[in-house]
Amino acid sequence: MNIQTAELARAVSQPGKRNSTPQRWIVADVEALFRLPFADLLYRAQQAHRENFDPNAVQLSTLLSIKSGGCTEDCGYCPQSAFHSTGVENREMLDVETVVAAARAAQQSGAGRFCMGAAWREPSDEDMAGVVEMVKAVRGLGMETCATLGMLNDAQTEQLRAAGLDYYNHNLDTAPEFYGDIISTRVYQDRLDTLERVRKAGMHICSGGIVGMGESLAQRAGLITQLANMDPYPESVPINNLVRVEGTPLAQAEELDPLDFVRTIAVARITMPAALVRLSAGRQQMSDAVQALCFLAGANSIFYGERLLTTGNPDVEKDRVLLDKLGMYPM
Ligand code: SF4
């Protein structure tokens, strides 16, 4: 073990709990974590996980697309962008009854959090009126609520807070210096500004990114560094493995080595020890063994249900069997 690695070992053996002075990470140290021998990395991730959570409990979130397709952003990974021809249909916003019925079904299947996702650059006032009703109604079922609606202004943020929204999802996607390769219709600072508004309004933040988009290891470390240095860091951190959808600019991206995905989960766990680290998109393409390694690396949240926004997800029964095999249970 070299000196830097030894220092990292000490640093991560005492992960800071929430509310203590946040640790500032630099990209080089996060990259050094990525380069640790696999067993050392997973051991440290396990330490951080066990100091903060029941390691066998997993938080189950169900995601419903409340409005799909036709988005005016050009995110290179997304089948819902109007810039890409992927066959995803444009669908107007669902009505409140349909959303509540889906939330009730998710709750009966064991989900504790219901996430409502809409393919918008930002919601209009009319959109907001519908979303506010949905948030109130889903909360009325006793579920945690999350929404992902694009960029928000101050008034919209306040409306969501007043409706009782628990979490707002807004991913940083990737490192700042790689962002322009993936998206040209907005800049990194737009993301940070919306997240700042959400935090100021007093809602929890769900923010993560996507790996396997052709980023370098330093850029992957850069994404985690950005997230971990938020003050405080997000309560939920979804880590997505790119789903290469035909018709998107990233359809031919080189597949990420599954062990590099596991490493990303482990580094997220070490640098954000008290966050829920969510094994998100791309799970359908993963074997049970890789998913098990992700849990061992500190993932403790999954999307649960048959579909993500527009791409597939393992079905509920298959997930139940996997969690049973691993002796895991809902948080
Ligand atoms: S990721 Fe979101 S913002 Fe980007 S194109 Fe897709 S729906 Fe629009």
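The structure considered here is a predicted model.

Helix H11 and helix H12 (residues 316-325) pack at an angle of about 60 degrees, and the two helices are therefore oblique to each other. In this pair, H11 passes H12 in a right-handed crossing. Asp288, Gln291 and Phe295 of H11 make the contact with Leu322, Leu323 and Lys325 of H12. By class, the residues of this contact comprise 3 nonpolar, 1 polar and 2 charged.

Helix H11 (residues 288-296) also packs with helix H3 (residues 38-52), at an angle of about 55 degrees. That angle makes H3 oblique to H11. On the H3 side, the contact is made by Phe38, Leu42, Gln46 and His49, and on the H11 side by Leu293, Phe295 and Leu296. The residues of the contact of H3 with H11 divide into 5 nonpolar, 2 polar and no charged.

| Helix pair | Angle between axes | Distance between axes |
|---|---|---|
| H3 and H11 | about 55 degrees | 9 Å |
| H11 and H12 | about 60 degrees | 11 Å |

Aspartate 173 lies in the loop between strand S4 (167-169) and helix H7 (176-182). With a relative accessible area of 1%, aspartate 173 is buried. Leaving aside neighbours within four places in sequence, the residues in contact with aspartate 173 include Tyr77, Tyr179, Arg186, Arg191 and Met213. Also among its contacts are Ile183, Gly208, Gly209, Ile210 and Leu223, with that same exclusion of neighbours within four places in sequence.

Key. Residues numbered from 1 in each chain as written. Predicted model: local features only at pLDDT ≥ 70, side-chain atom pairs only at ≥ 80, totals over all residues. Heavy atoms only, no water. Axes fitted to C-alpha atoms, helices over the stretch in contact; angles between N-to-C directions. Helix = DSSP H or I, 4+ residues; strand = E, 2+ residues; numbered from the N terminus. Parallel < 35°, antiparallel > 145°, perpendicular 65-115°, else oblique. Contact = heavy atoms within 4.5 Å. Nonpolar A, V, L, I, M, F, W, Y, C, P; charged D, E, K, R; others polar. Buried < 20%, exposed > 50% of the residue type's maximum accessible area, 1.4 Å probe, protein only. Left-handed = near helix turned anticlockwise from the far one by under 90°.
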